[in-house]
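Student: I have a structure open and would like to talk it through. Could we take it piece by piece?

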There are 2 protein chains.
Amino acid sequence: MAKELKEVVNKEENYSQWYNNLVVKAGLAENSAVRGCMVIKPYGYAIWEKMQAALDKMFKDTGHMNAYFPLFIPKSFFNKEASHVEGFAKECAVVTHYRLKNDPDGKGVVVDEDAKLEEELIVRPTSETIIWNTYKNWIQSYRDLPILCNQWANVVRWEMRTRLFLRTAEFLWQEGHTAHATKDEALEETRKMIGVYAEFAEKWMGLPVIIGHKSDSERFAGAEDTMTIEALMQDGKALQSGTSHFLGQNFAKAFDVQFANKDGKLDYVWATSWGVSTRLMGALIMAHSDNNGLVLPPKLAPIEVVLIPIYKGEDELREITNKLKEIGDRLKKVGISVKVDDRDNVRSGFKFAEYELKGVPVRIVMGPRDFKNGTVEIARRDTLTKENISQEGLTEYIQKMVEDIQENIFNKALNFRNEMTTKVDTYEEFKEVLENKGGFILAHWDGTPETEEKIKNETKATIRCIPVDAPEEDGVDIISGNPSKRRVLFAKSY
Amino acid sequence: MAKELKEVVNKEENYSQWYNNLVVKAGLAENSAVRGCMVIKPYGYAIWEKMQAALDKMFKDTGHMNAYFPLFIPKSFFNKEASHVEGFAKECAVVTHYRLKNDPDGKGVVVDEDAKLEEELIVRPTSETIIWNTYKNWIQSYRDLPILCNQWANVVRWEMRTRLFLRTAEFLWQEGHTAHATKDEALEETRKMIGVYAEFAEKWMGLPVIIGHKSDSERFAGAEDTMTIEALMQDGKALQSGTSHFLGQNFAKAFDVQFANKDGKLDYVWATSWGVSTRLMGALIMAHSDNNGLVLPPKLAPIEVVLIPIYKGEDELREITNKLKEIGDRLKKVGISVKVDDRDNVRSGFKFAEYELKGVPVRIVMGPRDFKNGTVEIARRDTLTKENISQEGLTEYIQKMVEDIQENIFNKALNFRNEMTTKVDTYEEFKEVLENKGGFILAHWDGTPETEEKIKNETKATIRCIPVDAPEEDGVDIISGNPSKRRVLFAKSY
């Protein structure tokens, strides 16, 4: 492990390699034999399951139910919503046949050309089309509304350049799809769900985010408005972490979904969709981790507290392990997940490094002297500090510590973001900050695609969002000099 | 609803149509626009989620962790295990291209022939091959074993004749894939997991099952032994409800997965795999439901108790609903899921029929007189009995009733199965019972494929399993007259 750990490059040296090293060494995920598709390993999946459980509860608490729609979408469905097909139907996995047969040459199997599909099927890149085609049959009157469905599923987008969790051909996500009788209700749902994502990011992931609207050019293909949460990574780049779309009546019109309103008149249904994906795993790793490995917020850590005995000989091992198990059981009773690692075929130093790499928030160590004195050594993963304390009142102490770690991780990320957010008033300043400091840049924008495009082409920075809480402030666009009413958020991004 | 209910055909009249009516009318699932793929609707998915939660806990309690492996499998992987390719690689969805492009004629999108994959990808019908190709890199020494992984995933098998839940092109399942250092440990795992399935079927689904081994001809493609749980449906047909496979060293050899044992010698790894799917939903529906609709065991019912007010005017509605909410809150506190249905735009009769159709185990109704007298009317879905009782001690009464319903549903199915299990000693008798009574038939078999095939061809009945608890008993094969040591279980099946 010590050797393996050394292979994790420092993040100051090569951020991208540091990230990749961490994901692989900590046992979160790895590349598979299929180009662009990842294997999510048990430890990584355990974190994802904690994310899912928290989000799923939030969705249900806001009135949503889960359902499941087909993996495959008939090709023709994508043609029905004009801007959607441009955005989604191009780079995707296409199923053309439904049978293989034995190779006539006797070498394995080949595609059976007699089993060609009449219409190709697309492996879903997102499910608006198949879902609105289904909703058509579910909705006749205002009494059938709202429909508040969510789906946990895999989706495929054929990406050429992939990175574990951040951009993969297949990824896991949830996609909410709701149908409403009024525009206001759909707008309210769009806002509510981006709020749910923001709360999850901040309270569970310890990740401060900025809520805002996407500019026209960055909007979801088929949406009238896209709301986003944007987070800042340690290399000063932004990561779009979740989106919620107000779809207007676009999909209802494309799939002819009308309902009789209270006055008996026919109207098209209003829609939203919203999603977060395994990309959040990338955000979690990149936002908090250090050169020793992962730093996990306790609320998402598969193991919150690891307990390790230091011993000579079997008797001491048994004695100390039993004591650690008692402590562990008390922690479990108050809802803290623990692991007692009494393996006797690896050294303690190896264990320390392993759990540090895996980001376990708290480590409790007990040696023979601790055992005699009624003490333990506690190490915090976030601050890398150690202390010796009494076993008396340990459960309450750890409870408070775990809460403190959760808060500290968030505050650290928030302070970093605040330091890395710069207001600029000229394009010169903009370029200077982007090149030498990075991070979020708040600048005035006149709302035209021309300014946005020029900046993107020349600097690679994009408008991450128009923050919902941006104060009104008179200014001028840094490119055009035209008047602007508020600053928008620029950054380079993943 | 009354009208809709009438459209549910009696099961004595047309069992198959009764089943399909129920699935659709109760809002469990429906066919989608994609041939053979279903939409699992919110109410159906809520039952599946309860199944998943219970199974997932059982898997974790037996030491397994979840992981996720790719949706796509390179075609060549299927050639590596000889019998596996025969069993699985034929009827499947084949991805041949990764891009669409605008139709040169301006009509939508067409497949881009420039984006043809070098090697076709198969949408997984089961994941042994991609997983063992991955395990190869995870396993070097006995210290890396056992690996105990499970995956919740969608799989695709191109079925020509599909039926909702029972046989669909895409279905949801879990597949466990374990790797072991010894044959004994793998055999033990195979048995342990079929035991987990049996416990789940009986304790949660209220479904009595027979555990046994498949005959050679019915074994999983690539397995050395397949264990199964077999359940009996109300039409006298068997439904294979879950399987656990001892894979020997077949996949380790196919993917060259060797490990250094404690003596430092290289050996191939031993494997198991096991799975249950959304087919269990079909079993649940078919085993217990009646001509009024679903009958759900309380442990899997999304709503265990529905509370309905009977009222005249708004004041009564509010008064009675408030009282019902109090009762509901007390039930929730002891872990019973409830719904208070105070909709005022549908009649009570409609509500009664709806919850009966949806199989809600207990209905509590309160009218003005009940309100005054401190009573309620309770109706049980399983027995269709009603009674008026005091609100005093209602929580405890309902708690006991819910347990009783769970037990009663199981016992009813068990009695039915016992009645429908017949021992026969001649082929004449066999055919007579199969034709006029159906159900499970226990008959002697000499262990040869010839007898098995003759019976299958002539009667469509197959050996469901060789029960693990079949007592030793001297007899003769009903076809060949050769000696046999025990009876095996025959039935027609889904």
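Student: Is Leu324(A) buried or exposed?

Tutor: Bearing in mind that this is a predicted model, Leu324(A) is buried, since its relative accessible area is 0%, and a residue counts as buried when that value is under 20%.

Student: Where does Leu324(A) sit in chain A?

Tutor: Leu324(A) belongs to helix H9 of chain A, the helix that covers residues 313–333.

Student: And which residues is Leu324(A) in contact with, leaving aside its neighbours within four places in sequence?

Tutor: With those neighbours set aside, Leu324(A) touches Leu307(A), Ile308(A) and Pro309(A), and it also touches Val340(A), Ile364(A) and Met366(A). As for Lys339(A), which lies 15 residues away along the chain, its C-alpha atom is 9.7 Å from that of Leu324(A).

Student: Switching to the two chains, what superposes chain A on chain B?

Tutor: A rotation of 180° does it, with 0.0 Å of shift along the axis and an RMSD of 0.0 Å, which means that the two are related by a two-fold axis. Within chain A, the C-alpha nearest that axis is the one of Val95(A), at 2.1 Å.

Student: What area do they bury between them?

Tutor: Chain A and chain B bury about 5,300 Å² between them, and 65% of that is on carbon and sulfur atoms. On the side of chain A, Tyr68(A), Tyr98(A) and Leu100(A) supply 12% of the area buried against chain B, which is more than any other three residues.

Student: New topic: at what angle do H3(B) and H6(B) pack?

Tutor: Helix H3 (residues 42–61) and helix H6 (residues 183–203) of chain B pack at about 145°, with their axes 11 Å apart, and their crossing is right-handed.

Student: Which residues meet there?

Tutor: From H3(B) come Met51(B), Ala54(B), Leu55(B), Met58(B) and Phe59(B), and they meet Met193(B), Val196(B), Tyr197(B), Glu199(B) and Phe200(B) of H6(B). Sorted by class, this contact holds nine nonpolar residues, one charged residue and no polar ones.

Student: Last one: which residues of H10(B) are buried?

Tutor: In helix H10 of chain B, residues 348–357, the buried ones include Lys351(B), Ala353(B), Glu354(B), Tyr355(B) and Leu357(B). After H10(B) comes Gly359(B), which has a positive phi near 75°.

Conventions
Residues are numbered from 1 along each chain as its sequence is written. Chains are lettered from A and ligands numbered from 1 in the order in which they are written. This is a predicted model: local features need pLDDT of at least 70, side-chain atom pairs count only at pLDDT 80 or more; totals for chains, interfaces and linings use all residues. Side-chain values use heavy atoms; hydrogens and water are left out. Copies are superposed by least squares on the C-alpha atoms of residues with pLDDT of at least 70 in both. Axes are lines fitted to C-alpha atoms, for helices over the stretch in contact, and angles run from 0 to 180 degrees between N-to-C directions. Helices (H or I, at least four residues) and strands (E, at least two) are DSSP runs, numbered from the N terminus. A crossing is left-handed if the near helix is turned anticlockwise from the far one by less than a right angle, and right-handed if clockwise. Contact means heavy atoms within 4.5 Å. Ala, Val, Leu, Ile, Met, Phe, Trp, Tyr, Cys and Pro count as nonpolar, Asp, Glu, Lys and Arg as charged, and the others, Gly among them, as polar. Buried means under 20% relative accessible area, exposed over 50%, partly exposed in between (1.4 Å probe, protein chains only). Buried area is the accessible area (1.4 Å probe) that two parts lose on being put together, summed over both.
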